Amino acid sequence: MSFIILIAAGLLVPLFYRNNIFIAKMIAVVAFLLAAYFIYTGNSLHSIFPYFTTDAATKLMEFVLLATLAAVSLALTGFERPLISQMLFLSGASIAFLETNNFFMYIVLFEVIAIISYILVANIRNFFNAEGAIKAFIAGAVASGIILLGFALFSFTTDSFNYAEMNVSGKFTLIAVAIMLAGIFYKLTVVPMHGWAADAYAQVNHAAAAILSGVIKSVVLVATFKAFYKFLIAYPVATVLIFSFFAIVTMTLANFMALWQKRISKILAFSSIAHSGYALIPFAAAASAYSYAGVLYYAVAYIFMQTSVFLILNDLRRELGVKYLQDIKGLYKVAPLHSLFFTVQLFSLAGIPLLAGFLSKAVAFYAGVDAGLWVIVLIALLNSALAVGYYVWIIKHIYFDDTNSNETITMTPGSLIGQLILLAGTVYFGIVAGNIINATVVY
Amino acid sequence: MVAVDIIFAPIFLSALVYFLTRGAQHLAKYIALGWFIVLFFIAFNWYHQLPADGGFLPLGNFLSVPAFGFELTLQIDALSVAMLLLTAALLILVVFTSWEEKNQAAYFSLLILFSGPIFGVFMTTNVLWFFIFWELTLVPMLFLIGIWGAEERIYAAIKFFIYTHVFAMFMFVGFFLLFKQTGYWDITLIKEAAIATPALIWWLMFIGFAAKLPLFPFHTWLPDAHVQAPSSISVLLAGVLLKMGAYGLIRFTVELMPATTIQFSMWMLVLGLLTTLFAGMLAIYERHIKKMVAYSSISHMGLVVVAIATMTYDGLSAALYEMIGHALVISPLFLIAGWFHHKTHTWYMDEMGGIMKKAPYASAIFILAGMAALGLPGTMGFVGELTIIVSAVKSFGWWIAIIALAGLISAGYIIWSVRRAIHGPMSPIVEKSDFTMSFPEKFALAIYAFLIVYFGINPQPIFDIANQAFSFFGGM
């Protein structure tokens with residue numbers, strides 16, 4: 001039911017948004033709420049279609065996803081209105097993506113989400129946007145091709161695509177999985193497949209970047225872990241080697257690149273890439289009982305933080321034309337509310353406690369220590385401490401520097417409610433760890 | 001419930017104070033003062049409730065996550081209570097010394113925000129929550145240094161934040177390994193379980209604490225942070241934040257892994273000695289008055305580590321005494337050094353000179369605290385240094401008497417700076433400066449002076465607490 005409602009609302013919204021964006025927003029929010037209700041009552045895809053199952057952890061991720069998208073749709077204005085219906089389609093596809101228990105469906109839905117993301121970034125206003133959108137499209141197309149190659153190879157060796165019944169010990173399975181991962185790493189923006197993301201996240205419209213870098217990445221992260229779990233367990237040595245290596249390379253390179261940037265959106269883009277590196281650690285630690293908890297916690301925390309910072313940047317860009325670090329000097333005087341939300345979410349991204357960013361890192365990295373990878377975890381922690389450098393640098397420009405500007409801007413009510421929803425998520429999952437861990441760890 | 005409330009209430013209280021007093025800035029300090037006095041009395045009340053056998057006073061468990069063995073366990077013993085009392089007392093005095101700070105609503109709401117996690121650090125026995133509070137104290141400090149500090153404040157604030165954050169990560173991995181190897185986050189439970197790789201965990205945690213203390217060679221953040229911070233915040237940095245390092249060292253290495261600590265006690269001793277002597281030398285070399293005080297602070301923290309390295313009851317008691325003594329002695333030095341700069345607009349002692357004639361009250365207290373820092377009998381410095389030297393000699397033999405050099409060096413830098421800045425011919429800068437001090441500042445300095453002398457003559461109350469705190473070593 002939830003899937004049908006979201007798709008129906010997605011078809012309905014375009015009829016309204018040309019004349020009245022408020023009604024379009026309300027339809028979207030009601031659709032998200034109804035979808036959440038039906039997921040809560042167990043009336044989701046799995047009750048109608050085969051190849052889908054659900055459990056407590058999946059439901060939790062779906063609620064988080066719907067809340068985030070509701071927050072984004074409330075915050076949108078003006079020319080971003082097409083995003084509303086695209087987000088409704090995206091949420092429908094993501095719910096299917098999260099609930100599927102069939103590898104074939106996983107590949108198909110991966111493509112569906114990729115296509116929606118191409119449409120998302122195609123909201124083009126200038127040459128700069130177009131460059132980002134084309135990079136995202138071409139990289140995505142290459143990734144799709146690679147994934148299909150790996151999947152074709154894998155399908156020779158298995159009789160069933162059900163996650164539980166797949167044959168993971170075939171002759172070519174390891175190479176097939178490696179090829180598929182190469183494609184998926186494009187979407188997860190793992191170095192060296194990250195080049196497109198650094199430009200696309202920074203150059204496309206910031207609201208689209210919020211969805212692209214925050215929402216889609218988190219969903220792909222969780223669904224990929226569920227899909228590949230059996231492979232990860234079957235090839236423990238390769239798993240540890242591949243994921244540890246890419247985790248370290250990704251986070252280190254992205255953090256150093258972020259330190260050099262002057263453009264705020266570019267800093268956030270590289271920060272997003274660095275976070276993919278941290279999120280690979282629980283993959284490497286698949287042998288640990290906490291690995292799924294680590295991935296899920298990371299995805300949940302990351303979706304709130306990353307979406308929030310890009311949405312604030314979107315507001316600041318629209319109201320004040322903020323692009324570079326020098327543009328936000330003394331921002332706390334000009335836009336006190338934006339500054340506050342921005343600061344809290346940046347602290348969360350930096351991993352300061354009592355915010356979701358800290359507990360997600362704690363759980364994900366604990367999974368690593370639990371699997372015996374404490375050296376990798378130490379490198380990751382030092383990296384995250386290094387990352388504090390550029391987060392605090394942004395905060396330094398906001399609070400410690402002065403501005404001559406006397407104008408002040410306030411948040412629109414929609415944007416404020418959206419930010420409050422995201423902040424509530426960041427704070428709630430920063431203090432209460434029970435929901436996620438109880439949903440994932442069997443004890 | 002009081003226990004968990006006083007940790008989390010400051011988050012809401014600080015937001016409330018900020019928004020209520022934005023229009024009437026002068027009210028913020030009264031609310032902050034009231035809150036810190038309440039904290040002091042709560043801590044004092046806990047002191048009287050402590051079990052007589054030296055065990056923990058349970059204050060409740062909160063926010064439980066059974067699958068991760070993770071909950072906010074609050075329990076305190078005499079060592080925690082000593083730190084809580086010290087923290088609350090310093091916070092109260094800091095309100096007096098910041099009486100005329102600019103932008104008070106924000107300043108005092110950040111101070112209130114700071115009071116929550118710092119209490120949490122000393123109250124929880126869960127290592128993960130300990131780490132959470134440890135990290136949280138950095139956030140208000142970042143803003144307090146970065147907004148209210150001196151000329152180089154932004155560099156200092158960011159360096160302080162990143163430096164302490166980086167080294168905390170080593171500690172964090174150590175805590176993870178503790179949980180992995182024992183299955184508990186709570187130190188009272190970890191203590192009874194077997195640890196597979198104690199040496200690795202010990203070093204990871206030790207590096208984390210050493211950077212906070214700070215020990216040579218991890219000390220470079222301190223002179224910047226302490227010099228650039230406003231003086232009242234330097235008091236909190238030296239009096240409370242450095243004590244977090246010493247407290248952590250005692251709680252997580254000495255109490256948790258005594259056998260491993262004894263194995264590596266020589267390393268601690270050498271690092272402590274190096275810190276003491278090296279920082280003392282740097283203090284002699286300084287012309288910058290607040291940097292001189294900052295190096296003197298590092299030098300005294302080195303003595304604390306030497307005392308902890310003895311791993312005896314006497315040594316630990318001396319360490320606790322010196323921790324409290326250091327807080328009370330260094331604080332007025334920082335305050336007056338900062339005040340001199342505020343009035344004369346110079347940092348350099350050789351440009352001051354003759355301040356005694358224009359500001360006798362502050363100069364007298366500076367000299368008193370300086371004498372305490374160099375260990376004059378009748379002050380806290382004497383008792384601290386004497387007990388440390390006696391316990392170190394008892395544990396390590398006579399060669400350790402070279403530690404007495406530290407006293408000699410501190411006599412050097414204190415007396416020389418008194419001669420340069422306070423006595424001598426009056427410099428033109430001092431001549432044209434105005435040295436009026438507000439009453440609350442005078443009051444706070446008087447309290448510091450009183451405490452330095454009182455506990456110097458009558459050290460028994462502190463040793464009573466130490467007796468209770470370290471009774472597991474089998475009392476004196």
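What follows is a dialogue on a predicted model.

Biologist: How is a pair of packed helices described, in general?

Modeller: Two packed helices are described by the angle between their axes and the distance between the axes. In chain B, helix H1 (residues 2-21) and helix H2 (residues 28-49) pack at an angle of about 175°, and their axes are 11 Å apart. Angles over 145 degrees count as roughly antiparallel, so H1(B) and H2(B) are roughly antiparallel to each other.

Biologist: Which residues of H1(B) and H2(B) make the contact?

Modeller: H1(B) contributes Val2(B), Ile6(B), Leu13(B), Val17(B) and Thr21(B), and H2(B) contributes Ala28(B), Ile31(B), Trp35(B), Leu39(B) and Ile42(B). Sorted by class, the contact of H1(B) with H2(B) has nine nonpolar residues, one polar and no charged.

Biologist: At what angle do the axes of helix H6 (residues 127-157) and helix H8 (residues 195-203) of chain A cross?

Modeller: They cross at roughly 140°, and the axes come within 8 Å. The cut-off for roughly antiparallel is over 145 degrees, and H6(A) and H8(A) are therefore oblique to each other. The crossing in which H6(A) passes H8(A) is left-handed.

Biologist: What meets what between H6(A) and H8(A)?

Modeller: On the H6(A) side are Phe128(A), Asn129(A), Glu131(A), Gly132(A), Lys135(A), Ala136(A) and Ala139(A), and they meet Trp196(A), Asp199(A), Ala200(A) and Gln203(A) in H8(A). The residues of this contact divide into five nonpolar, three polar and three charged.

Biologist: Now single residues. Is Phe68(B) buried or exposed?

Modeller: One counts the other C-beta atoms within 10 Å, and 20 or more make a residue buried. Phe68(B) has 23, so Phe68(B) is buried. Phe68(B) sits in the loop between strand E1 (57-65) and strand E2 (70-76) of chain B. Setting aside residues up to four places away in sequence, Phe68(B) touches Ala433(A) and Ile437(A). Within chain B, the C-alpha atoms of Phe68(B) and Phe179(B) are separated by 9.7 Å, while the two residues are 111 residues apart along the chain.

Biologist: Where is Ala67(A), and how many other C-beta atoms does Ala67(A) have within 10 Å?

Modeller: Ala67(A) is in helix H3 (residues 56-75) of chain A. There are 19 other C-beta atoms within 10 Å, so Ala67(A) is partly exposed. Apart from neighbours within four places in sequence, Ala67(A) is in contact with Ile421(A) and Gly425(A). Ala67(A) and Gly425(A) are 358 residues apart in sequence, yet 8.8 Å apart in space, C-alpha to C-alpha.

Biologist: How many residues does each chain give to the contact?

Modeller: Chain A gives 29 residues and chain B gives 25 residues. On the side of chain A, helix H15 (356-370), helix H16 (374-400) and helix H18 (434-440) give two or more residues.

Biologist: Which domains does the assignment give for chain B?

Modeller: The domain assignment gives domain 1 (1-262) and domain 2 (264-476). Their centres, taken over C-alpha atoms, are separated by 22 Å. In chain B, 39 residues of domain 1 are in contact with 43 residues of domain 2. H11(B) gives the most to the side of domain 1 that touches domain 2, with 11 residues. The residues on that side of domain 1 divide into 27 nonpolar, nine polar and three charged.

Note on methods. Residues are numbered from 1 along each chain as its sequence is written. Chains are lettered from A and ligands numbered from 1 in the order in which they are written. This is a predicted model: local features need pLDDT of at least 70, side-chain atom pairs count only at pLDDT 80 or more; totals for chains, interfaces and linings use all residues. Axes are lines fitted to C-alpha atoms, for helices over the stretch in contact, and angles run from 0 to 180 degrees between N-to-C directions. Helices (H or I, at least four residues) and strands (E, at least two) are DSSP runs, numbered from the N terminus. Angles under 35 degrees count as roughly parallel, over 145 as roughly antiparallel, 65 to 115 as roughly perpendicular and the rest as oblique. A crossing is left-handed if the near helix is turned anticlockwise from the far one by less than a right angle, and right-handed if clockwise. Two residues are in contact if their C-beta atoms, placed from the backbone, lie within 7 Å. Ala, Val, Leu, Ile, Met, Phe, Trp, Tyr, Cys and Pro count as nonpolar, Asp, Glu, Lys and Arg as charged, and the others, Gly among them, as polar. A residue is buried if 20 or more other C-beta atoms lie within 10 Å of its own, exposed if 12 or fewer, and partly exposed in between; C-beta atoms are placed from the backbone. Domain bounds come from an automatic or database domain assignment.
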